[in-house]
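The following note sets out points for a colleague who has the coordinates to hand. Please read it alongside the structure shown here.

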Amino acid sequence: MSNFSHRITGGTDKMGAPFIAGFARSGDFRRKAVQTILLAAAIFAVLGTGDPATRFQEIGHQMMCICGCNQILLECNHVGCPASDGMRNELMAAVDRGDSNSLVEQSFVQKYGPTVLAAPTNKGFDRAAYIMPFAALFLGFGLIGLVIRSWKNRPAPAIAGGLAPVAGAELERFRDQARKETDL
Amino acid sequence: MAEIGSFALLLALALSVYSFAAGIIALVFQRKQNPQLALAGGSIPRRTADSVSDEGSLTATLRRNSERIGETARRAGIATFIAVLLASVILVICAFHDDFSIAYIFHHSNRDLPGPYKFAVLWSGQEGSLLFWSLLLAAYGFVLRVRYKTDARLFAYASVIVASVQIFFLLLLNFAAHPFAIMQGSIPADGSGLNPLLQYPEMVIHPPMLYLGYVGFTVPFAFAMGALIMKYPGEKWIHITRRWTMVTWAFLTCGIFLGAHWAYSVLGWGGYWGWDPVENASLMPWLAGTAFLHSVMMQEKRGMLKMWNMWLVFATFWLAILGTFLTRSGIISSVHAFAQSSIGDWFAWFLLITLVAFAFFFFKNKSHLRSEHKLESLVSRESSFLFNNLLFILLTFTVLWGTWFPKISELVQGNKVTVSAPFYNRVAIPVALLLLILTAIGPLLAWRKTSLESLKRNFMWPTIGAIVTAIFLMATPQSWGSVFGLKPWKDIAYFYSLMAVSLSVLVTLTVASEFWRGGRVISRHTGQGMFASMVQLTHRNTRRYGGYIVHFGVVVVIIGLAGAAFNQDKEKEMGYGDKLAIGPYTLVCRSYTQDDSPNYESEWAMLDVYKGDKQIGTMTPVRRFYHASQQTSTMPDIRSTLNDDLYVVFEGVNQDNGHPILRAHLNPLVMWIWMGVWIMLIGTVLALVPNAPAPVRVPAQARLEPAHAAPVATGD
């Protein structure tokens with residue numbers, strides 16, 4: 001029952017990768033924005049990594065309890081769970097020893113198998129788990145680009161009765177007028 | 001009773017097969033008789049039928065009588081509903097009569113089970129839930145066939161598609177998962193009982209809502225498929241199915257969040273969403289269905305994205321079936337998959353057949369689905385819908401990919417991996433934030449083209465509001481609780497939370513500005529007050545403004561989700577008078593004891609809750625041991641406020657001293673999630689209300705000459 005002393009868990013997982021670089025717009029602003037984001041990412045990656053309690057929380061939220069409950073290790077709530085208490089003690093001991101995150105994860109994988117990690121790793125085929133969604137995103141952007149191009153190149157629909165379509169400034173004037181009257 | 005139930009199921013199958021076969025025969029021969037009329041969506045005049053030459057064969061007879069055959073098919077479809085309803089009622093009666101000669105009742109009920117849960121037995125296990133699915137599908141089919149006069153021919157096609165899906169489920173019920181299967185050997189005195197996790201009030205309404213959502217997507221799919229097969233002219237089928245789709249979407253939304261609330265209230269781990277395959281199975285059709293609800297507007301307004309919409313509506317239906325396949329086949333392990341069996345093969349074949357059939361008709365008739373208009377500008381409502389759809393589909397793909405990845409990994413590298421919350425947090429949250437940005441921008445864009453000037457003008461104040469909010473949240477002290485004192489550089493989770501809350505403010509302000517601008521125009525013209533003008537505005541275009549209210553509901557949900565970054569929990573063994581402090585609260589153990597009832601025995605603790613020095617209430621978390629199933633379940637006690645939830649779980653008892661072991665969670669902003677869902681549902685209901693007629697005011701000097709008239713963009 002020793003580990004029934006107070007434990008505070010801290011929400012979701014941490015990640016250091018920058019993912020919003022695409023928001024930068026142009027020129028000087030873009031350069032500064034990218035620099036700021038890289039700096040922020042570096043800060044994210046470094047901050048809080050030294051504190052054992054924070055590391056315990058961080059690693060504990062990246063692992064699963066192996067009792068079959070399908071819960072994150074630090075969220076397993078079974079009293080008398082055959083696995084989670086021992087695993088938490090092992091994790092605490094490893095963090096106290098100063099083992100690196102990857103070493104702790106490796107030792108857990110060796111002991112409990114790869115399913116002990118709550119997410120695929122960044123090695124080997126596991127990388128595909130992360131690559132595919134972003135590959136799909138870029139593929140989607142590409143497809144949308146093609147669709148937009150084909151739509152823009154499509155000839156304007158003919159108006160019945162042989163009337164010429166309104167275009168240019170005249171069309172804009174009509175639109176503004178129509179919006180004022182109808183766009184509620 | 002079991003025999004009557006079995007017979008009703010067999011009869012339902014026969015009626016469905018007849019409805020399907022006779023429906024096809026009627027449609028084929030009507031088409032041969034008069035292809036022009038068939039395309040126009042009208043019914044066959046008797047004169048035309050009589051004029052068909054008498055070929056003296058069955059074919060000629062069928063041609064002559066095709067309309068009557070079609071009518072018998074429709075009635076058989078209606079009768080299917082009655083037969084399935086009879087089977088369902090019999091199963092429920094058997095549950096109330098404790099008829100343990102039926103294996104299903106034995107496995108999912110017991111004598112002391114409270115009445116509402118005996119009713120819920122219908123959907124608590126594999127066979128019963130399939131029967132319930134079949135019942136809901138038959139009910140949807142019933143409504144569809146009763147309302148056939150809206151467009152007899154299109155409805156006849158849709159009826160055949162619904163009958164084909166119905167046949168699949170009735171085949172399953174009759175030959176693979178029979179709910180009236182009889183127990184072998186002697187009849188037991190009592191049943192095994194219902195899974196304790198299902199003995200919670202929400203489980204009486206959560207599955208029906210979820211199933212109404214899953215099954216309901218069959219209807220828009222059936223209309224889409226019918227329109228595709230018959231090359232239905234125009235977009236009328238979309239107008240017909242719009243309400244079906246929205247109602248179905250609302251049911252699925254309600255079902256998903258009821259499930260989340262149930263998980264939160266029963267499972268005792270302090271969370272509401274675990275990215276479990278069963279949860280993902282419900283999210284995928286919801287995401288695809290949401291994408292469809294948006295993109296279908298492009299088809300209605302501009303005649304664009306016709307092919308894409310066909311695939312979207314098919315994908316939504318297909319993902320609903322795929323979800324069922326996932327949860328019942330055992331192919332992917334899940335703690336929530338209550339009913340696993342070997343019926344996975346049936347589902348796999350059904351999925352394959354529907355995919356092939358849809359692809360066949362799509363490629364055969366896709367020339368009919370060409371877009372009618374061109375894109376005039378990237379800064380337009382059309383392009384925002386394109387990107388909206390891309391992100392929704394990307395989220396759907398991410399969830400699908402994450403759900404299947406353990407299986408794919410096993411096939412490729414020989415070992416399973418776990419794909420849980422950390423994966424989805426890394427991949428799905430950034431995409432969801434991008435979607436939130438689009439939700440803010442989209443409503444400000446006009447159809448066809450928006451000038452950058454007007455976009456800048458409309459977007460400036462909401463953007464300033466969002467930036468001010470972000471700065472305020474970072475500058476305030478953390479002691480204010482919830483999302484205050486957010487330091488995004490401390491943790492990526494904080495960064496996500498800050499982005500989510502700020503973008504939510506952005507969306508809220510853009511939605512508010514839409515109401516404000518429209519209300520101001522009406523107020524100016526009518527002299528009414530601002531609020532009355534906004535009410536009138538909403539009533540004039542319920543779909544648009546109901547949709548905005550749904551968007552507002554979504555941001556309220558997102559603010560609630562953002563609170564998860566600040567969750568805390570503590571665990572402690574507590575004797576009399578022991579204290580546990582968490583956040584601003586202190587729990588003091590006043591008592592702990594045991595209780596007994598016919599269905600279960602319970603252990604509970606009584607805790608006084610203090611905020612500062614003031615006692616603000618008492619909490620009694622309970623743990624139950626169910627006699628029939630010999631299983632344990634926790635009933636957390638939750639004290640909800642707008643700021644946070646204090647969530648206390650009775651985890652167990654120290655066997656040495658009898659002290660209860662309690663875990664307290666402090667979960668900020670959870671109530672916002674449930675409030676947001678209500679707002680989403682109110683918005684959906686509002687969007688279903690018919691528009692009030694708007695007075696037409698055309699100043700004489702503004703009238704256009706007919707030769708200069710051009711289509712103009714209006715909002716929706």
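1. Terms for strands. Two strands count as paired if DSSP finds at least two bridges between them. Helices (H or I, at least four residues) and strands (E, at least two) are DSSP runs, numbered from the N terminus.

2. Basis of the model. This is a predicted model, in which local features need pLDDT of at least 70, side-chain atom pairs count only at pLDDT 80 or more, and totals for chains, interfaces and linings use all residues. Residues are numbered from 1 along each chain as its sequence is written, while chains are lettered from A and ligands numbered from 1 in the order in which they are written.

3. Overall composition. Chain B contains 22 helices and ten strands. Of its 716 residues, 53% are buried, a residue being buried if 20 or more other C-beta atoms, placed from the backbone, lie within 10 Å of its own. Among the contacts in chain B with a separation of 6 or more, 72% link residues 24 or more positions apart; a contact requires C-beta atoms, placed from the backbone, within 7 Å.

4. Domains. An automatic or database domain assignment supplies the bounds. Chain B is divided into domain 1 (1-194), domain 2 (200-211 + 228-429), domain 3 (430-561 + 677-692) and domain 4 (566-671). Eight residues of domain 1 of chain B touch five residues of domain 4 of chain B. The domain 1 side of chain B comprises two nonpolar, four polar and two charged residues, where Ala, Val, Leu, Ile, Met, Phe, Trp, Tyr, Cys and Pro are nonpolar, Asp, Glu, Lys and Arg are charged, and the others, Gly among them, are polar.

5. Strand 4 and its partners. Strand 4 (residues 600-611) of chain B runs antiparallel to strand 3 (residues 585-596) of chain B, with eleven bridges between them, and a hairpin of three residues connects the two. Five bridges join strand 4 of chain B to the antiparallel strand 6 (residues 622-626) of chain B. B:Glu603 is the bridge partner of B:Gln594 and stands opposite B:Arg623 in strand 6 of chain B.

6. The following hairpin. Strand 4 of chain B also pairs antiparallel with strand 5 (residues 614-619) of chain B through five bridges, B:Val609 being partnered with B:Gly617. Two residues lie between these strands, and B:Gly612 takes a positive phi near 70° in this hairpin.

7. Helix 8. Why does the span of helix 8 (residues 126-146) of chain B agree with expectation? The expected span is 1.5 Å times one less than the number of residues; the 21 residues of helix 8 of chain B should therefore span 30 Å, and its end C-alpha atoms are 30 Å apart. Helix 8 of chain B is mostly covered, with 17 of its 21 residues buried.

Definitions and conventions: Buried ≥ 20, exposed ≤ 12 C-beta atoms within 10 Å, placed from the backbone. Contact = placed C-beta atoms within 7 Å.
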